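Hi,

Here is the model I said I'd pass along.

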Amino acid sequence: MSEQSTSENGWIESPERNADEHALNALDSKTTDLFPGVTVRKDLVNRVKGNALVPSYVLEFLLSAYATNTDQASIESGVDRVRAILANNYVHREEANLIQSKIREKGSHRIIDRVQVALNEKTDLYEATFSNLGISQVIVDPSLVKAYPKLLVTGIWCMCQIGYAYSGDPREVPWQLLQLKPVQMSRDDRENYMQQRSQFTDSEWIDLLMQSIGFNPDLFSDRAKLLHLVRMVPFVERNYNLVELGPKGTGKSHIYSEFSPHGMLISGGEVTVAKLFVNNSNGHLGLVGYWDTVAFDEFSGKAKKAGRDLVDIMKNYMANKSFSRGVETFQGEASMAFVGNTSHNVPYMLKNSDLFEELPKQYHDPAFLDRIHFYLPGWEFEQIRSEMFTSGFGFVVDYLAEILHNLRDADYDDRFEKYFELSSTLSTRDKDGIKKTFSGLMKLIYPDGKATPEQMEPLLRCAIEGRKRVKDQLCRIDSTMEEVEFTYKRVSDGEVVAVQTLEELDYPQLYWRGRVAENSEDEGEAESSVAGEAMAIAGNEKEASSSENANALPVARQQETATMTPIERLAAKADGKQRELIENQRGITYFGLFGPYLAGAKKIVIEDAYVRMPYQLRNLAEFLEMLLRCKNPDEDVAVRLVTGHNESGFVEAQLNGLNELASTFAQLGVNLTYEFRDTLHDRSITADTGWEILPGRGLDIFQKFVDGDWLNPLLRHQQLRRVKECKVTYRRIDEK
């Protein structure tokens, strides 16, 4: 990285790079080595922001100039420098008069402000308005307008040198624009970006992207990371239409206001035709003509209204990438993102209406919704907490935004067709939505467009799921809408794979309103469905069991089981079918997975090398609790745990935890013993019932959650937690 300094007319200076890599983790070291000068430590943004109401990309632009070094002393020096710049140059509205006076007394002064330019037709001059400084009619050179056309739309953040020269003529504006520089890098570094991408594994690269948008990747599952990347697709894919509805506080609008200078967030969700498309009075193009992404914040709200002409033009634009005003037709490339809050949870919406219920009436229209490429399930995003933010290094967002802006020229929507075939029943709009999402995710994760079938398949499944969520709701809203098969076929082996949404898996009866989708689990299985578990939570386990037997068994089988004991009836449910858990799925419990196979067992052996950390000991405790429901009260069950030693400083805690569990459950008829075997790799649960269970992740099937708060219901009810992706295989021991 070359050293930077400030000349009399320059803008940037930075201390020499003197990196101390020892404090960095492996990903941060690789990132700062391969991308010098365009990375920044993400936690520094909040440290320097203070009460300056500027987007993150403005602050990161400054930090990239002064605090790109990795040693702590240089970072602190750079942070102090940025704070000084903000203190001396950022204009607070309440201090506008003070800054104006300073400009007058000094003759000129450097400021950071949002600048918007308009053409004064009476004087044939371009005039700038400074948002915070509160001055207007400042003459702007036409060359600046040509170089930065977004000055004419909603304005952009700039570093400006403002002068003052009073001529004595009250008709003349004394303010002078001496210098203007937009606060963005405007640098197309795609070639180097793609070349260095090859130095990262897929997981490292995704984690780097997560850190670049400010999140700690260690706290998110693979599915959660992928859904976060979908939020970025509108920036990298032209004319992409995205909807995200969900609870408050999940960061839905943050990325559109803070992530990129190429994105525009419209607060309130209401906008005029003139502002969005074209102003007929002067012929000026609206937002879609200048921005890569136009996002509508607070788009939900049934009481909100929109003119029919606006909705009609939006529908035409979202479908055809063009719009008409008068006799002229205009083209646009802006993607559209519609984000808003939901008032009800998913099962309520599925039971009473649809997942689009919160949209204003004018937009709750099948013709409009059919143009949506992806419905992002906002209810799968956790509410933002302070520990979710990263202190690691990521790309300066403006640098990344410029890369994504230029990658819009690439088109990867057909890259999967050599390996996968979409169902022929899909409509043209279904396929377009799937292809555009797939193309966007490819550009984000594999920017050179090169990926194996195994790497492409998760992206294709995600793209199909997002479009399926749209289409399934359309079929609810419009009874004339024909249902299609959201499946794809692997060319290599001819296997047809059906894609389901998590809502479909969690609430099959509500999702399909009385009819169960093909390949979905039996909705009567109380331990495998959220609805059945809710029955048990309410204290109606007997009713749940009765409902379960009535739905799951034929009449003759019900009569046969009537004479069985509860434990025998539970054991009769063991069918040996492999269970596949979908990431982020809910309604899964140890009792549903293991209960039928362990019912009545006297001896059980658990082999799992990773029962070491506190949360893993909690998993073991919950497994032992489950066994209390699988045995007769007057019988004991012996449980032998084979696991590995804790090598991370918790050896004593591991031993104390295991001993405490053994002591506690011995009084309840569950006798736990344990041994350590450091060569152990495979995970299994074997019982003298004749069954062997092979859980892909052992007992560690649940995603991390805040388990230190006893008020959190996830601590007590497994069925409310989200799970990790894995498979659970069952086989008779004599079949080994």
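A quick word on burial: a residue is buried under 20% relative accessible area, exposed over 50% and partly exposed in between, using a 1.4 Å probe and protein chains only. Also, this is a predicted model, where local features need pLDDT of at least 70, side-chain atom pairs count only at pLDDT 80 or more, and totals for chains, interfaces and linings use all residues. Residues are numbered from 1 along each chain as its sequence is written, and side-chain values use heavy atoms, with hydrogens and water left out.

On to the rings. Phe, Tyr and Trp rings (the six-membered one for Trp) pair if their centres lie within 6.5 Å; planes under 30 degrees apart are stacked, over 60 edge-to-face, and the rest tilted. The structure holds 36 aromatic pairs. One of them is Phe35 with Trp205, which counts as tilted because the centres are 6.4 Å apart and the planes sit at 50°. This pair links distant parts of the chain, 170 residues apart: Phe35 is in the loop between helix H1 (26-34) and strand S1 (39-41), and Trp205 is in helix H8 (residues 202-212). (Helices, H or I with at least four residues, and strands, E with at least two, are DSSP runs numbered from the N terminus.) Phe35 is buried at 1% relative accessibility, and Trp205 is buried too, at 0%.

Then there's Tyr164 with Trp175: centres 4.9 Å apart, planes at 70°, so edge-to-face. Tyr164 belongs to strand S5 (residues 156-164) and Trp175 to strand S6 (residues 175-182), so the pair ties together parts eleven residues apart in sequence. Tyr164 is partly exposed at 24%, whereas Trp175 is buried at 13%.

Phe35 and Trp205 also belong to one aromatic cluster with Tyr193, Phe200, Phe395 and Tyr399. Phe200 has Lys30 over its face, 5.4 Å from the ring centre. For a charge to sit over a ring, NZ of Lys or CZ of Arg must be within 6 Å of the ring centre and within 35 degrees of the ring normal. Arg732 does likewise with Trp691, its charged end 4.7 Å from the ring centre.

Last, some strands, which pair if DSSP finds at least two bridges between them. S22 (residues 684-687) pairs antiparallel with S19 (residues 603-607) over four bridges, and Ser684 is the bridge partner of Glu607. S22 also pairs antiparallel with S23 (residues 691-695), over two bridges, with Thr686 opposite Glu692. In that hairpin, three residues lie between the strands, and Gly690 takes a positive phi near 100°.

Cheers
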